[in-house]
Amino acid sequence: MSTGNGSDTRKVVLLTGAGGILGNDFCARFAPVYDIVAIYRTRVPQHASQDIAFVDPSQPARVVEQNARPIFSIRADLTEPGQCERVVELALARFGRIDTLINNAASWTMAPMLGTDRTLDHAERHFLTNVVVPLRLATTIAQEFWQQHDVSNRDANRNIVNVSSISGLNVYPGVGQSVYASTKAALNHLTGHMAVEFAAIGVRVNAIAPNSFPGIVSTERVTRAIVALDNEVHNGMLVVVDGEHDGWVPLNTTNATKESNIDV
C-alpha cells in the first residue's frame, strides 16, 4: 500500500472543524497517534503545523515538544463549490491515503422560529454544513481513493465518524435548536444509510451524539469516543456521550452491530 509521506503504522485522519473546541482537543491529544489533516475555516488550530511552530521565549533554542508531531492544516470553506474536492486532493497528495474521516465541522444559530428571521436566514447554511458537506466529503474520498482499495480498506479498518449531537435525538424546547437539531437528526439518518452503502467497499460509518461539551460532558470524553469508534469494528452505530456511561443506538436495524464494548 502506498503511504506517500505518511507512516505505515499511523492512520491518516481527515478532520473537519479542526479549529474548534473538539478539533483542537483531538489534535492536542492524538497528533502523536495519527497523521492529521486538519481542515479549518476561520479559527486556526492551536497546534504545530507546516505553518506554525512553538518557541519557548525564555529558551529560544530549546526543542519544544509540541513541534515533534505537526498536523497538516488546510484552510477551506467546505460549503463553497470545489472545496471538498480540493482538500481531499491535497490530503492524498500529502499522505497517499485517507484512513479515517471525522466530520466534525458544524454550523449553528440558536433562535426561535417565531418573532425573528434568524432561524430561517441560517437554515440553508446549517443543512449545507451539517449534512451536505459530510456527504460530499465522504463520497469524494470514496471516488478518489476508497473505491479502488476495498481490500486494503478492510485491512486498514477505514471508517467515517460523523459528529452529531444529542439534540438530534431529543427536543429541547425554549432554546432555539429547531434547525440545528433537525440537521443532526438528518445526519444520524444519513449515517445509517452510509453505513450500508459504504460497507460494500469495506468502509465503516458511525456517529457520536455528545451532550454539550465541555459544560456537561468533557471534551476529552468526546474525542476518546471518536477514537474508540475508529479502533472498533462497529458499523451503523450512534454512540451517545452523556451521563455516567455512554450508550449506543443502532442506526440500521438490519445491519447494525447488536452489541457494544466501547470503553471511553
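The model is predicted: local features need pLDDT of at least 70, side-chain atom pairs count only at pLDDT 80 or more, and totals for chains, interfaces and linings use all residues. Residues are numbered from 1 along each chain as its sequence is written, and side-chain values use heavy atoms, leaving out hydrogens and water.

Let's start with the fold. The chain has 6 helices and 8 strands; these are DSSP runs, with helices (H or I) of at least four residues and strands (E) of at least two, numbered from the N terminus. Along the sequence they come in the order β-α-β-β-α-β-α-α-β-α-β-α-β-β.

Here are some values for the whole chain.

| Property | Value |
|---|---|
| Box filled by C-alpha atoms, along the principal axes | roughly 55 × 45 × 40 Å |
| Buried share of the 264 residues | 52% |

Buried means under 20% relative accessible area, with a 1.4 Å probe and protein chains only.

Now look inside. A nonpolar core is a set of buried Ala, Val, Leu, Ile, Met, Phe, Trp, Tyr and Cys residues joined through side-chain atoms within 4.5 Å. The largest one has 33 residues, of which Val-37, Leu-137, Trp-146, Ile-160 and Phe-198 touch the most other members. Elements giving two or more residues to this core include strand 2 (35-40) and helix 3 (118-144). A second, separate core of 25 residues includes Cys-27, Val-161, Val-163 and Leu-229.

Methods: Buried < 20%, exposed > 50% of the residue type's maximum accessible area, 1.4 Å probe, protein only.
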